[in-house]
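Please look at the structure below with its open spaces in mind.

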Amino acid sequence: MTKVLPKEELQRKLHDAIRLARLIEDLLILSQIESRAVPLRLSTVEIAPLVASLLAPLEILIVQKRLAVVVNIPAEMTVSADPDRLRQIFANLIDNAVKYNSDGGRLDISALAQLDAIRMS
């Protein structure tokens with residue numbers, strides 16, 4: 001006989017399956033980048049708007065978890081990078097920082113120019 005699962009359990013399993021699929025896709029892309037199978041399309045990327053666009057969809061979760069979010073990125077700061085890959089990397093980091101942060105916690109995102117690089121933390 002087939003067991004019928006409650007809606008909440010089905011939603012949790014679907015969420016887990018989607019998360020695992022994204023993880024597998026990220027690992028595949030990382031492998032392709034490392035093997036140089038994916039050409040990087042470099043262009044100038046504005047960092048502050050990119051970070052803001054990644055925080056916006058997480059606003060409900062940020063409020064629910066009562067997180068203090070502090071972004072310290074100069075408005076004019078840019079980097080030469082592949083915008084799709086940079087978005088993917090930042091999205092993963094920010095998403096994890098919000099999801100796995102403690103309720104009432106703090107999320108600091110900052111960028112600092114250093115010689116010919118930018119240090120993100």
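Helices here are DSSP runs of H or I with at least four residues, and strands are runs of E with at least two, numbered from the N terminus. The model is a predicted one, in which local features need pLDDT of at least 70 and side-chain atom pairs count only at pLDDT 80 or more, while totals for chains, interfaces and linings use all residues. Residues are numbered from 1 along each chain as its sequence is written, and side-chain values use heavy atoms, with hydrogens and water left out.

A pocket is an open set of points on a 1 Å grid over the protein atoms alone, where a 1.4 Å probe fits and protein lies on both sides within 12 Å along at least five of seven lines; its lining residues have an atom within 4 Å of a point. The largest pocket has a volume of about 410 Å³, a volume being the space filled by probe spheres set on the points, which are joined across faces, edges and corners. Its lining holds 14 residues, and R19, R22, D26, N92 and D95 are the closest to the centre. Two or more lining residues come from each of α1 (7–34) and α4 (83–99), and α1 gives the largest share, seven residues.

The second largest pocket holds about 220 Å³ of space. Eleven residues line this pocket, with D26, L30, Q88, I89 and N92 nearest its centre. Here too α1 and α4 are the elements that give two or more residues to the lining, and the largest share, six residues, comes from α1.
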